[in-house]
2 protein chains.
Amino acid sequence: MNDIDIESLKGIANQLRIHSIASTTTAGSGHPTSCCSAADVVAALFFAHMRYDPKNPHYHNNDRFILSKGHAAPLLYAAWAETGLFPAEDLLKLRQLGSDLEGHPTPRLPFVDVATGSLGQGLSVGVGMALCARLDNLDYRTYVLLGDGECAEGAMWEAASLAGIHQLNNLIAVVDVNRLGQSQPTPFGHDTAVYRKRFQAFGWRTEEIDGHDIEEILEVLAAVGLGSQPLVILAKTLKGSGISFIQDKEGWHGKPLSKEEAAKAIAELQPTAKSGVGRPLPPPSQLPAPKNDPPASYPPLSYKLGDMVATREAYGNALLRIGEVDLRIVAFDGDTKNSTYSEKFAKKFPSRFTESFIAEQNMVGMAAGFGARRKVPFASSFACFFGRATDQLRVAGISRANLKLAGSHVGVSIGEDGPSQMGLEDLAIMRAIAGSAVLYPSDAVCAEKLVEQMASTKGICFLRTSRPKTPVIYNNDEQFPIGGAKILRQSASDKVTVVAAGATLFEALKAADALKTEGIGITIIDAYSVKPLAKDLLLASAQKTNNLVVTVEDHYPEGGLGDAVAGELSADGVKVHKLAVYELPHSGKPEELLAKYGIDANAIVAKVKALL
Amino acid sequence: MNDIDIESLKGIANQLRIHSIASTTTAGSGHPTSCCSAADVVAALFFAHMRYDPKNPHYHNNDRFILSKGHAAPLLYAAWAETGLFPAEDLLKLRQLGSDLEGHPTPRLPFVDVATGSLGQGLSVGVGMALCARLDNLDYRTYVLLGDGECAEGAMWEAASLAGIHQLNNLIAVVDVNRLGQSQPTPFGHDTAVYRKRFQAFGWRTEEIDGHDIEEILEVLAAVGLGSQPLVILAKTLKGSGISFIQDKEGWHGKPLSKEEAAKAIAELQPTAKSGVGRPLPPPSQLPAPKNDPPASYPPLSYKLGDMVATREAYGNALLRIGEVDLRIVAFDGDTKNSTYSEKFAKKFPSRFTESFIAEQNMVGMAAGFGARRKVPFASSFACFFGRATDQLRVAGISRANLKLAGSHVGVSIGEDGPSQMGLEDLAIMRAIAGSAVLYPSDAVCAEKLVEQMASTKGICFLRTSRPKTPVIYNNDEQFPIGGAKILRQSASDKVTVVAAGATLFEALKAADALKTEGIGITIIDAYSVKPLAKDLLLASAQKTNNLVVTVEDHYPEGGLGDAVAGELSADGVKVHKLAVYELPHSGKPEELLAKYGIDANAIVAKVKALL
């Protein structure tokens with residue numbers, strides 16, 4: 001790198017600053033000072049260091065760049081405009097409804113792999129991508145730009161720990177240590193030694209630099225990939241760097257400059273600014289693309305009606321069965337693999353399984369990273385512990401990520417372990433994730449077929465599995481499309497439609513038998529697809545039973561199956577009565593708890609009779 | 001401590017092991033090996049070191065003990081039985097429906113401050129209690145027993161960081177490094193140096209000991225409180241310690257011993273076991289109890305009708321106003337205090353405010369800790385970022401914690417920042433927390449009165465606040481009980497009841513004005529209490545409008561206001577039509593987004609007309 005190059009990079013950095021200032025001032029909102037602090041690092045990465053094809057952001061061996069501090073979006077957009085991907089004039093459409101240059105980056109843009117903007121999530125995605133590069137025998141590197149403020153997020157350290165354990169020397173984090181948070185200075189200011197000690201303790205190689213010294217930046221970047229550790233570059237910077245009257249001052253987070261201030265700032269920067277378009281960039285190496293095509297079909301099932309198999313075990317069986325032929329499938333667990341049965345896959349395909357330890361946020365973030373690299377990631381844990389990763393799931397919804405989750409041990413039917421281990425709110429959480437599918441099988445055949453559906457359907461899918469063994473009630477060739485439901489009992493004289501799923505479906509069947517002896521018929525529907533719900537089928541059944549529906553679920557009454565059915569059918573005049581777990585449950589035997597909380601066969605019988 | 005005492009403590013430790021083995025074998029489930037590894041530490045803490053009144057677990061200056069590794073519950077129960085609090089025979093009722101000795105600890109028991117069992121949460125609660133001790137001028141110490149597996153959870157490091165920043169030398173963590181997780185060994189095994197480096201980097205004093213050597217344990221405990229740092233004791237232990245044929249073996253997590261194995265194990269331990277009852281314990285110092293009584297009344301409000309005030313700002317005003325007279329109130333924020341307006345309280349009462357930085361899990365855990373010490377904790381952030389702490393909130397629900405949350409910046413009405421900053425699933429999440437109240441004010445008066453209600457109502461309450469300024473529509477003396485609703489427009493000829501809250505309430509009012517010009521009357525209800533919902537009032541209104549209801553909410557359609565109303569009213573034959581944000585939203589101007597996603601006045605008008 002000769003002197004001219006250094007000057008050019010300084011010029012590009014200032015051009016990125018100008019774009020960031022101009023676009024946020026035009027928009028009337030945004031975070032220009034958070035862009036300016038990282039401008040030199042981004043200039044060096046995008047215009048002198050990273051190996052990628054700027055005309056084809058999706059090329060499989062491009063280096064990846066994740067802007068974990070997503071509020072610096074204008075800087076990212078400016079960098080790609082300066083590579084020539086789109087006209088720089090478009091930058092002034094920032095934050096407008098008609099432009100995909102949104103307030104924070106989303107994958108509506110071809111150069112964004114995952115949405116960011118909720119802090120502390122980018123490093124997990126980066127760990128996933130770095131692991132995926134190894135699996136795919138590709139030599140691309142993954143760069144994650146972090147803010148110093150987000151280093152307070154625990155998810156960061158979950159990711160840092162696993163990166164250290166796996167010695168991911170193809171992962172590079174840069175912390176933009178600009179010392180100023182949103183509402184006050186960070187606790188450690190410019191003392192990069194604090195961050196150095198932490199990252200070192202978590203197994204990283206560290207470099208401390210002046211984040212505005214292009215030569216220093218390039219020097220440490222030249223040593224990327226050396227050694228066996230992930231690398232973190234701790235870049236001491238000034239928030240608002242380059243704007244003499246603002247830099248390093250408090251009170252400038254998330255504020256655009258006024259038109260006058262912007263003009264003054266741009267006048268300061270303009271003399272040394274330089275456009276980056278046309279510079280030769282280091283190309284990625286040409287390595288074969290990984291095979292990420294779906295298989296033509298999956299091997300058949302071989303259950304017998306009446307076999308006693310927990311749906312969590314069927315999940316493990318399915319992952320193993322379809323994993324044999326679907327090489328896109330990778331799996332993750334948070335030290336529960338002997339309970340969720342993902343260990344079947346882990347033992348057979350160790351290179352495609354990542355033990356994530358007890359760190360669900362990072363597990364979900366990593367899985368999203370694999371999904372962004374065209375794998376089909378399945379992550380499993382107890383359903384309740386996915387609550388830990390709710391925000392990662394929310395952001396995955398914004399990313400329209402391809403991400404599959406299996407949450408086991410749901411409801412009071414787990415029994416003695418007590419409420420801390422019971423998923424009783426997971427349907428509510430998962431239904432509220434943008435674009436999600438929420439699936440809840442009752443038997444092993446349904447569970448396995450739903451895993452096939454999950455693998456072949458793009459998007460976020462959650463499978464809710466149960467702890468107790470339940471009988472196989474479906475034939476091996478039964479189909480379970482997402483958005484469907486099954487009518488298990490129906491006759492012309494039925495008085496009520498009972499909608500159940502999972503453990504309560506078997507209670508409903510028992511209730512039907514008991515009611516039949518008294519001459520009362522009920523329709524029973526297996527609502528294995530809670531979202532999307534089989535509205536038309538449910539409505540048609542309800543209308544045949546005088547618009548009377550009883551839902552019964554091993555879940556709290558808020559946001560679960562009952563609310564889903566009521567929310568869809570009440571507009572058509574259907575009367576939905578909910579049976580659910582209305583109290584904070586206690587430890588006890590599963591059957592005791594189903595009875596105590598009013599979701600067993602007796603409770604269904606009583607409810608049906610009360611409605612007649 | 002003389003030799004006889006050491007032998008006694010060894011004997012007590014073995015007695016605790018015997019109880020743990022016997023109770024789990026009788027229950028047929030549980031985690032005896034996770035109890036045995038920590039038995040010596042617990043014996044030393046409970047019978048030679050901690051200062052507490054065993055007959056009065058609630059005494060205000062007792063040392064606190066949090067079993068973060070909650071699956072070792074039988075060990076905790078055994079310790080308290082051995083102090084004489086309840087008969088040891090009761091231990092054999094472990095995990096039965098009729099006993100509060102549940103699978104994991106809950107505050108149904110007088111000696112449990114907070115529920116545990118979801119790993120990685122106890123240290124945050126401990127940080128809260130240690131900070132609260134300082135605030136209350138009490139010298140009790142807080143001890144947190146952690147598993148090594150849970151050190152993978154990011155929340156642990158959020159807590160560790162803040163404890164280091166605050167130099168909490170009244171906080172002592174003990175890590176039971178038994179090297180074996182649930183499904184495989186932990187990544188670091190018995191290498192306590194890894195944990196030492198991490199805790200040191202996070203500002204802690206560290207001690208590494210043999211966790212089965214009572215003398216070594218007592219030696220490091222003797223130095224508790226020295227220096228200015230929190231202390232972590234890294235205790236190298238064996239899982240199943242004391243059971244010769246099981247200890248340090250894989251495959252024994254969460255498994256009770258068979259009757260034969262238990263008999264054999266107890267026979268090994270019995271000769272050296274010794275009951276602890278009757279030992280003199282170090283008493284707590286007698287210091288005055290903090291004044292935690294509610295005030296007789298709160299100062300009045302002074303808004304004018306039509307004043308433009310965002311509900312988030314009203315939250316800040318309320319916290320300041322009632323905080324003046326209600327000394328129980330403490331507050332927390334995650335570096336958003338200038339947006340949530342909690343900075344008003346922070347500036348006036350700095351000693352009662354804890355800046356939690358960008359670490360929402362720890363913020364909520366700390367707040368729960370203060371709540372368990374009889375404070376009234378208010379934590380604020382953007383509503384979407386509370387999703388980060390979903391599992392802490394779930395567990396707070398199990399604790400029946402006294403915990404108040406204010407989530408700002410909800411829905412598409414925040415505008416340009418885009419979906420990553422929009423709370424669009426918070427109602428679904430918060431409704432699903434056991435025992436929660438979910439409140440959603442539209443104007444400043446309602447917001448302030450709801451904050452009063454939150455302070456004076458025990459339990460978990462969530463206040464959903466909005467970013468834009470909205471007009472004051474209520475008089476200062478209006479009352480807003482939790483569980484209520486307000487009818488804003490109603491006439492005998494109304495055709496439809498429109499239920500709204502927050503930003504959409506003003507859209508509904510505009511819609512009513514527009515419809516009125518066409519001679520169409522609609523009833524408008526402000527559903528400021530989403531949970532509990534004012535079912536009777538809503539039902540009565542719906543019945544007056546031919547059972548036709550339209551809900552309109554700035555939230556996804558799943559689990560929010562619409563589902564809540566449908567879930568409550570559909571059983572009575574009410575037809576509920578939902579307007580909500582059915583798509584993943586984009587950045588844009590607030591009014592553009594309300595229109596695009598069909599929740600503005602025009603959308604309401606169109607929906608009402610379509611129903612007639």
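Modeller: Helices and strands are DSSP runs numbered from the N terminus, a helix (H or I) having at least four residues and a strand (E) at least two. The model is predicted.

In chain B, Pro532(B) is located in the loop that runs between strand 17 (529-531) and helix 18 (535-544). The peptide bond joining Lys531(B) to Pro532(B) is cis, with omega about -10 degrees. In chain A, a cis peptide bond likewise joins Lys531(A) and Pro532(A), and its omega is about -5 degrees. Pro532(A) belongs to the loop between strand 17 (529-531) and helix 18 of chain A.

The side chains of Lys535(A) and Asp572(A) form a salt bridge, at 3.6 Å from N to O. This pair qualifies because the criterion is a nitrogen of Lys or Arg within 4 Å of a carboxyl oxygen of Asp or Glu. The two partners, 37 residues apart, link distant parts of the chain: Lys535(A) is in helix 18 (residues 535-544) of chain A, whereas Asp572(A) is in the loop between helix 19 (561-569) and strand 19 (575-579) of chain A. Over all chains, the structure holds 62 salt bridges.

Ten salt bridges are counted between chain A and chain B. The side of chain A that touches chain B comprises 32 nonpolar, 36 polar and 28 charged residues. Polar contacts between chain A and chain B number 57 residue pairs, both residues being at pLDDT 80 or more. Chain A contributes 96 residues to the contact and chain B contributes 95 residues. About 8000 Å² is buried between the two chains, with carbon and sulfur atoms giving 53% of that area. On the side of chain A, the residues that lose the most area to chain B are Leu97(A), Arg388(A) and His586(A), together 10% of what that side buries.

Two further backbone features deserve mention. Asp248(A), although not a glycine, has a positive phi of about 65 degrees, and Asp248(A) lies in the loop between strand 5 (231-236) and helix 9 (259-269) of chain A. In chain B, strand 4 (residues 205-210) and strand 5 (residues 231-236) pair in the parallel sense over six bridges, with Glu208(B) opposite Leu234(B) of strand 5. From strand 4 of chain B the chain passes through helix 8 (residues 214-222) to strand 5, a right-handed β-α-β crossover.

Key: Residues numbered from 1 in each chain as written. Chains lettered and ligands numbered in written order. Predicted model: local features only at pLDDT ≥ 70, side-chain atom pairs only at ≥ 80, totals over all residues. Heavy atoms only, no water. Contact = heavy atoms within 4.5 Å. Buried area = accessible area lost by both parts, 1.4 Å probe. Polar contact = N/O pair within 3.5 Å; in protein donor to acceptor, adjacent residues only side chain to side chain. Nonpolar A, V, L, I, M, F, W, Y, C, P; charged D, E, K, R; others polar. Pairing = 2+ DSSP bridges. Right-handed = clockwise from strand over helix to strand, strands pointing away.
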